[in-house]
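Work through the two exercises below with the sequence and the model open beside you. Each task is followed by a solution that goes step by step.

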Amino acid sequence: MSDLVLGSFSNLSYVTYNLIHTGLHAALDTLRPLVNSNIRLIKFEQVQKVPGLKYVSLLTRDGFLDVTSTRYLRQICVEELQLNRNSIFVIDFGTFSGETFNRCLKSLYLINNPLIGTIMAFTEGLTLHNLNKFVITGSFVRENGLDDGDNALISKYKLYDSLKDNLNMKTNLSTSVGNLDNVKETTVQISKSIEYVDVSSVFGESHLNKRVAIRGGENVKFVRLVDDGIKFVEFPIEGLPNIQVFVLSFNKMYILEPDFFNAYPSLVTLRIDSCRLVSSFVSRYSARMFRNLTRLQNLDLSYNSLEILEPKTFAANPLLVTLHISGNRFKQIPFDLVLTPKLQLLDIRENVLTSISNEDRNLIEGNKERLGKFQLLLAGNIFSCGCENLQFLQWLHFTDVELDNNKNFTCISRTGVLSSTLAYLDHAELWRECWGQVCFNVSLGLLCFTLIGFVLVFVWSRNKILIQSRLLQIFTGLKFNTLADYKYGAFIGYSDIDYHFACFPLRQYIENDLGLVTFLQDRDLSPSLAYAEGIMEAINSSWRIILLINENFVIQNEWFLFTVRSAIYAMSPANPNRVVILVDAKSMHHLPTEILNSVPEDSIIQISRWEMDYNLRQSLKTRLVQ
């Protein structure tokens with residue numbers, strides 16, 4: 001390609017070489033007609049003689065940039081220069097020097113070039129007076145990174161044998177200057193105009209175990225040091241007081257000074273994802289790590305295998321808006337959501353969450369209602385679809401919080417079967433599965449308890465005195481009265497109309513067959529005593545009290561209620577079966593409530609005819625003698 005190819009273009013603003021197979025040096029020489037012109041952008045991307053064989057540039061010298069190869073480029077007033085994926089290995093001193101570059105260049109990009117050497121190899125570009133953005137990123141050369149074509153070419157030249165060994169390293173540039181044992185502090189001078197610095201995938205291994213001071217970094221707002229092998233972080237990079245975005249992803253920060261980030265009080269965005277942070281260290285110092293970052297709004301702690309954070313980790317970060325903690329081992333939301341009132345995005349994917357507590361759900365809903373937006377990312381967790389998480393499953397489907405994965409997440413049932421939360425949309429069915437048997441058992445128990453209660457109340461109401469006597473006998477040693485304790489064996493109460501049955505068949509059976517002494521008012525009531533007094537004395541002196549109740553006794557006998565109540569009052573725990581009622585079946589409805597409430601049902605004998613038949617004889621024998 002002729003170096004005069006661009007001679008016919010006098011007013012160019014943008015020059016781009018993409019996939020040109022002339023080699024980088026030849027392409028740079030074509031810029032000669034543009035010397036002393038003003039260009040907005042010059043871009044060289046994948047300009048190689050042999051595409052895909054990047055090590056060929058070592059043989060053709062296109063992989064080396066020096067003052068000679070950039071002699072025309074440095075005389076062009078270019079605002080933005082990009083040298084991307086051109087297999088550049090070595091940048092010599094003076095490559096980007098010159099009064100024109102110093103005055104015009106604002107953005108310098110060296111992306112995906114396998115640079116080798118020391119950190120000083122590219123610091124010259126940082127001193128350009130008007131440079132605003134500086135981006136340099138390396139490319140990976142893995143342990144077996146040389147392909148067959150490169151290997152065959154390089155092996156022909158002994159000159160590159162040692163270089164070949166060096167290229168079989170993971171990364172190319174080293175920070176040897178900063179690791180010298182006898183150097184306590186490394187100072188790097190940069191232009192005060194620089195605001196954006198990206199130095200990623202460049203250093204094979206770098207330590208911040210000695211002080212690094214940046215001079216002229218007062219205006220730097222953005223620093224990106226991704227995949228630079230940063231291991232031992234004992235001292236912060238000083239001289240960057242106004243940095244707002246700090247990206248440290250994909251490093252190996254096994255050792256991190258807890259107060260490292262205190263040197264950057266203006267931080268708005270901090271990314272330390274995939275940095276292999278030690279979980280025990282973070283769980284102990286998480287609150288201390290961020291306590292000086294009062295302006296922090298965006299934080300990424302993803303993929304660090306963290307297990308615990310201090311609950312008050314973000315007590316000093318009330319402006320936090322987005323938080324990424326995916327790819328860790330958190331079993332629950334590991335911080336107090338009360339301390340993050342402005343949080344709108346929580347990424348907690350690929351952890352070991354089984355549920356979200358009711359308190360945290362309420363706080364999330366509060367943020368959503370207050371801020372109008374809240375995004376919660378949960379994919380990659382295996383939730384529990386057990387009964388204990390019924391409310392959580394309902395919340396997933398009905399919440400207005402923005403969830404990922406269409407609100408469908410993997411979960412495991414009580415039986416250990418993997419399923420999805422959408423399989424539990426029918427919450428009524430899940431509720432029945434979880435609580436149906438329990439509720440049935442409780443209902444059945446309550447029914448049984450109620451029935452038993454009714455039975456006990458009924459039995460108590462019908463046999464209160466008998467039950468009392470049994471309890472007193474068990475707990476107090478109460479002794480029952482016997483027939484020998486009474487003057488009469490049986491008191492017979494009746495109406496005058498029923499005189500014949502009471503005084504003859506009934507009396508004869510009791511006295512002759514059962515051998516008991518009876519009291520009959522017409523025969524045994526003393527004329528000297530008042531009727532009431534005589535009845536009371538006879539009742540109190542009788543082993544059993546027999547009342548013959550029919551319509552005649554209830555309606556026509558003026559002493560009926562007196563006799564009944566006297567008999568009821570005579571009942572006691574010492575003689576609970578004292579009263580026996582013989583009632584006409586047609587007069588059951590005439591029985592006073594006193595009898596129904598006090599006399600046991602077995603002691604109320606219904607008869608259809610006032611005759612001493614076999615059934616009545618046996619009933620009386622059982623209640624009077626046995």
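**Exercise 1.** Locate Arg276, state whether it is buried or exposed or in between, and describe its phi.

Solution. Arg276 is found in the loop between strand β19 (269–271) and helix α6 (279–289), where helices (H or I, at least four residues) and strands (E, at least two) are DSSP runs numbered from the N terminus. This is a predicted model, in which local features need pLDDT of at least 70, side-chain atom pairs count only at pLDDT 80 or more, and totals for chains, interfaces and linings use all residues. Residues are numbered from 1 along each chain as its sequence is written, and side-chain values use heavy atoms, with hydrogens and water left out. Arg276 is partly exposed, with a relative accessible area of 47%; buried means under 20%, exposed over 50%, and partly exposed in between (1.4 Å probe, protein chains only). Its phi is near 55°, a positive value in a residue other than glycine.

**Exercise 2.** Find which residues of helix α17 (residues 614–624) are buried, and what they pack against.

Solution. The buried residues of α17 are Leu616, Leu620 and Leu624. They lie on the same side of α17 because they cover an arc of only 45° around the axis, the arc being that of the directions from the helix axis to the C-beta atoms. The face turned away from this buried side carries the exposed residues Tyr614 and Asn615. The buried residues pack against α11 (499–513), β30 (542–549), β31 (579–584) and β32 (604–607), with contact meaning heavy atoms within 4.5 Å.
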